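This briefing is meant to be read with the sequence and the coordinates side by side.

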Amino acid sequence: MLLSPHPYWGGDAWPQGKDDEEVLTMEPTSRPPRYVTLRDYLRVLRRYAIPIILIAAVGAGAGLADAKRQTPVYAATASVSFQDPAQDVTLVGLQVGAVQTPLELASQNSETLTRPEIMSRVRRNLKTKESIRSLSSMVSGGTTTAGLLAINASASSPVFAARLANSVAAIVIGQANRAAQRSFANAANDIRREITTLQKGRTTVNGTTSTQVPVLEEQLARLQTLSHVAQSAQLAQPAETPTSPSSPDTTRSALIGLVLGLVLAILLAFVRDSMDRRLRTTQDIEASFRFPIVGHVRKQAMGKVVQDEATAARDDLQLDLEAFRILRRNIEFLNVDSPPQALVVTSGVPEEGKTTVAASLAFTAAAAGKRTLLIDCDLRRPDLAERLGIERSPGLSDYLVGEKASTEIASRIQLAEPPSRNGRAPDQASSAREALSISVIPAGSPTGHATELLGSRRFKQLIDQVVAAYDLVIMDSSPLLPVADTLEMLPSVQAVVLCARESKTKREEAAAAKRALEKFPDLPVGVVITGITPGRGDFELYAYSYNYS
């Protein structure tokens, strides 16, 4: 599709209340922020996808290697259940205070697991050379939702881990049960003393009489029994020998390394992108040059000459041909009242596609029925003659030094008339004509005075002559920044087509080219973005082809 009459403003019409001259001289909008939408962020991720994947993979590998380097640690857990011995005293018929729950007892015992006296006994039981401090660091305790005490042991040996957990559990159970039995023994002693007092015929402080001695004797018998068999704790689940290490977890380590590598890679990608001085999007190019975008050229077309439909039978070549048709039409909108007849195609620096644009644009204009002249004004590094398969000399330089006449330097290249579209004749082409042609003036013989020749009166006279004879004169010139050749030509032309290569042209180069062209404020300038990859980033709209049948 064609761009808007003034594509610099990105709309379908001129700004309201402004005439043509005012619009062309209006200041463009300020440069937009680098990251505005989700698409801007995804653009960076797509551009650096391969480095991001590689760095993330390295992170995962580093995490895995670190896990492999660590000594495996095995964990075993023994569970102990508790019951308050006061419940048994209640069964005997004695009054006691508040009864503790199993969870409270488990929590109290979890705080005493690593005491030196316990670890000392564990060390003797296991007959290990590990120090008490080392054993304490291997053991930890906690409570479960079921009110159990979980005794956790970790060691480099799975067998030792299980033995350590079970040994600690056995000692804790023994201590708890002995403490319960002692409490029953103490209660029995109290009953025994009370019975002795009653048997002597004395009344106790509580008013107990000798008639209650049989009851007390029965309670004493029960307490004596409990002092030998009572259990406050028992092993709920012994620790089993673990079959796999609890740490390091290779999967977890690799996943952590992957995530850290991914975060680092994305951070580096955005840092690299923010420091990148190359123009990578349409918005970047337009904001840097502040000239209208008049066309796009695919990367596949660079270094070639797109001529006519006869040579563009394939879909990809047809796509390039349509791009230059759009460019031809948009150049006419650079000056709506008087479309430019003489224009120069240049770039800021070399290898940005100016020769491809100049030659292909000329052939497209000729195929549309325009009398077209293509001049190679790059007298320092001429490339046009070789691409078109014609002799380099005689040419422009030979004419400018006075060695050849204007009629001796031009060559004519015939091209097949494009076929009709949907039964309609080609634009501005007579059906009676059998062939179309393009005139070409090559660079000519090598010269060391290119700037002086292009700025001479003889060059201006030549341009005046050819503009009167042709509908369109296209000049392929030297780059703007390295040499002054193009600046000498600008007073003789009516428009400038400036090529900027996507992902190659730098911001400072764009700024320098803009400053150079601002010296000619009355000269319309259009920017062609070259070297684009259709379907990527901002250039998705140019990834289609249309079949004319």
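In this predicted model, Asp 284, Ser 288 and Phe 289 of helix H11 meet Arg 507, Ala 510, Ala 513 and Lys 514 of helix H19.

**Packing of H11 and H19**

- Two packed helices are described by the angle between their axes and the distance between the axes.
- For H11 (residues 282-289) and H19 (residues 507-517), the angle is about 40° and the axes lie 8 Å apart.

**Nonpolar cores**

- The largest nonpolar core comprises 43 residues, and those with the most contacts inside it are Phe 289, Ile 375, Leu 396, Phe 459, Val 473 and Met 475.
- Helix H17 (residues 457-469) gives the most to this core, contributing five residues.
- Leaving aside residues up to four places away in sequence, Phe 459 touches Cys 377, Leu 396, Leu 400, Leu 453, Leu 454, Met 475, Met 489 and Ser 492.

**Helix H2**

- In H2 (residues 38-47), the buried residues are Asp 40, Arg 43 and Val 44.
- Viewed down the axis of H2, these buried residues fall within an arc of 95°, so they line one face of the helix.
- The cover over the buried residues of H2 includes helix H10 (250-275).

**Helix H3**

- At 1.5 Å a residue, the 21 residues of H3 (residues 49-69) should span 30 Å, and this agrees with the 30 Å that separates its end C-alpha atoms.
- The residues Ile 52, Ala 56, Gly 59, Ala 60, Gly 63 and Ala 67 are buried in H3, and they lie on the same side of the helix because they cover an arc of only 95° around the axis.
- An α-helix has 3.6 residues a turn, so residues three or four places apart point the same way.
- On the face of H3 turned away from its buried side are the exposed residues Ile 50, Leu 54, Val 58, Lys 68 and Arg 69.
- Both H2 and H10 are included in what covers the buried residues of H3.

**Gly 257 in H10**

- Gly 257 is found in helix H10 and counts as buried because its relative accessibility is 9%, against a cut-off of under 20%.
- Not counting residues up to four places away in sequence, Gly 257 touches Ala 56, Gly 59 and Ala 60.
- The C-alpha atoms of Gly 257 and Asp 66 are separated by 9.5 Å, although these residues are 191 residues apart along the chain.

Technical notes: Residues are numbered from 1 along each chain as its sequence is written. This is a predicted model: local features need pLDDT of at least 70, side-chain atom pairs count only at pLDDT 80 or more; totals for chains, interfaces and linings use all residues. Side-chain values use heavy atoms; hydrogens and water are left out. A nonpolar core is a set of buried Ala, Val, Leu, Ile, Met, Phe, Trp, Tyr and Cys residues joined through side-chain atoms within 4.5 Å. Buried means under 20% relative accessible area, exposed over 50%, partly exposed in between (1.4 Å probe, protein chains only). Helices (H or I, at least four residues) and strands (E, at least two) are DSSP runs, numbered from the N terminus. Contact means heavy atoms within 4.5 Å. The arc is that of the directions from the helix axis to the C-beta atoms. The expected span of a helix is 1.5 Å times one less than its number of residues. Axes are lines fitted to C-alpha atoms, for helices over the stretch in contact, and angles run from 0 to 180 degrees between N-to-C directions.
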